[in-house]
Amino acid sequence: MSFQSMTIQRIFFAVAGLSAVIVGTLSMTGCGSSEASSSSSGPTITPQQFADGVHAVMMADRTVYATHVVTNLKKQESVVTADEYWQDSDDAIPLPAQMFRMGAELVDENKEAGFTYALRSSWPLNEQHQAKTDLEKKALQYIVENPGDNFYGEEVLGDTNYFVAVYPDRAVAEACWTCHNDHPNRGDDYPEFEKDDVMGGVLVRIPLP
Amino acid sequence: MKLPVPASPKFAVWMVMNMAIAGVATYALVAPSTTVARRIFLPGETTHGHYQIELACNQCHQTNGGNDESNASNVMQDACLRCHETDLDTANDTHPASKFNDPVHADLLKTLDAQSCLSCHREHVAERTLAMGLTIPRDYCWHCHQDVAESRVSHEGMRYDSCATTGCHNYHDNRALYEKYLDEHHGEADILDDATLILLTSQQNGDDQTQETQTQVVPDISDADPQIVRQWSSSAHFAAGVNCTQCHQPEAEDSLANHGTTTTAGFGTAWNDHVALDTCRHCHARQSETFLRGKHGMRLAVGLPEMQVAMARLPMRSDAAHRQLNCNSCHAAHVDDVQYAAVDACLGCHNDDHSLAYLDSSHAELWRQERSGDIDAGRGVTCATCHMPRVATGDDTFVNHNQNSVLRPVETMVRDVCQRCHGLEFSLNAVADPELAQTCFDRPPEQTVTSVEMAHEWFEQRRKRQQSRKRSGSR
């Protein structure tokens, strides 16, 4: 087994383990926002705790993929590269943002999941990541103006009230900011991102009873 | 209304008529779905895509144990997916229902419920049914994408119902139309230098299972037609070890496999001249499954008798009206003549302008040249080339027998078929011209769809800006 595949295997088990611990913990406490708030016995968690937990898993996966998979491939000058059009390209894997979005789409398909999540940015390279509601716009502005803080709020969409958490999405790996800064879709007012800059937000939305 | 007086002759006639009407209606209600009498319950003409199975109401409607009537409210969403999900997955559906689970779309869904197939595709409303079974006005894109010109200046001023024009966008399948694909294939020649179709070997017609089921059984052919035996002994079935009983007594073959003998005598299973699709499917699984998803096999897929040519809405030859659609319709029982299956079998039934124009087309001329050995294999174009394209999956190849899979809509054909030989822009131009389709593409397209050029310009602008940034950054 090559070093590269061993590394990827370790990463996989580490992420899977972390996910299992968090999901398991949430399950034991009757997680799912409505259950959490309606349960009268046993430990409960708030929507914010739930959002913080799933966000921790998401960001762990995302950071590992960006840092140890995508960046590693670049360092090794592998023929396999992360490419926006990976489905139609040879030797290509999804970009970190695409991997993140595909995961969100799988959660979207799971009606029992009890939450949705998405990437949002004030400078989206993909229009799908634009802020869609007034609260989302406000949240993106807040996390940029208040480095290190998360945004929490509530909004009504359709006939449902949602708890919304938005976490700063930082440039964690060089592959992130170099690719973004050099992307052909970037506008003239696009910031020159550097390490740890807030490039956007990770949004978690939980329906409230 | 004045009712007839009891015991009068008029009353007797009135009673008989009412009882007859009630009898027919009752019979139609409980009759098998193969019964034409059920048609009296159809609320309106069904679409081109579903009329073959229109009498199998329960395929789409979930009535309450048969006690309530089929109506628009009990159409099952999964009934649509049961037949169309595979094709939607293959098409990498641009608007899957799950895309709209994100709560931010809640208000948009109130305008157009994009999670229900029925929002755009209703049945039995022929008076407002457009191509592809669309039953809402063509401006449906506008509801969500009315601000498209903000990010795509080139779209400024375009008509709000022009998005799904051939060569621009499809709601479901954009594999040949998404912007990067258009840009990558910009500037291609009308006819590619390496124009060649996927080659298919006879071994690839049957799945690996063919080899596994090969036995050493000597068929009992003492009373068989010598001509049939001659044909079989020079066929691919013979070469693959598929003998008479494997198709005509498949149950006996199973018994043989279990008992380890080399004769079918004594097993007592009936010989059947008619080979069922399920028997063919034993070795030709993908061909059979795709056949069942197309118009030729869709009736069999829902348990109805085979499609008969006379049922077709397209113009068909009158002398073929009695024919039924099964594997043997195109593949003669004992002769594996795929050339016949690729053209002659089609023209044996189809009698529309497009089909009739084929033999005079340049595509047909290439096919004739290939058959006579004047050009390499894979250069000739048959009916099957376009309508039953060969599919390469890794090292494997098979013929997709769902002839509708590349017609929903027509530009679906571009990537899997046309682009084997033609450039993208030429292909899109050709399929965008309905007149050209009528005449089976007997001349190069004269109109130009602008999508390829627009996508290329869009990427060119970005490439220039990127280069400019790099230059200013290095100074």
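Biologist: What makes the surface patch of Trp14(B), Met15(B) and Met19(B) nonpolar, and how much area does it cover?

Modeller: Trp14(B), Met15(B) and Met19(B) make a nonpolar surface patch of about 280 Å². Patches take residues with over 30% relative accessible area and no salt bridge, joining nonpolar side chains (Val, Leu, Ile, Met, Phe, Trp, Tyr) within 5 Å and like charges within 9 Å. A salt bridge is a side-chain nitrogen of Lys or Arg within 4 Å of a carboxyl oxygen of Asp or Glu. Areas come from the Shrake-Rupley method with a 1.4 Å probe, and for residues only the protein chains shown count as cover.

This is a predicted model, where local features need pLDDT of at least 70 and side-chain atom pairs count only at pLDDT 80 or more. Residues are numbered from 1 along each chain, and chains are lettered from A.

Biologist: Why is Cys440(B) called buried?

Modeller: Buried means under 20% relative accessible area, exposed over 50%, partly exposed in between. Cys440(B) has 6%, so Cys440(B) is buried.

Biologist: Why does Met132(B) count as partly exposed?

Modeller: Its relative accessibility is 45%, so Met132(B) falls in the partly exposed class.

Biologist: Which peptide bond is cis?

Modeller: The bond from Arg408(B) to Pro409(B) is cis, with omega near -10°. Most peptide bonds are trans.

Conventions. Side-chain values use heavy atoms; hydrogens and water are left out. Buried means under 20% relative accessible area, exposed over 50%, partly exposed in between (1.4 Å probe, protein chains only).
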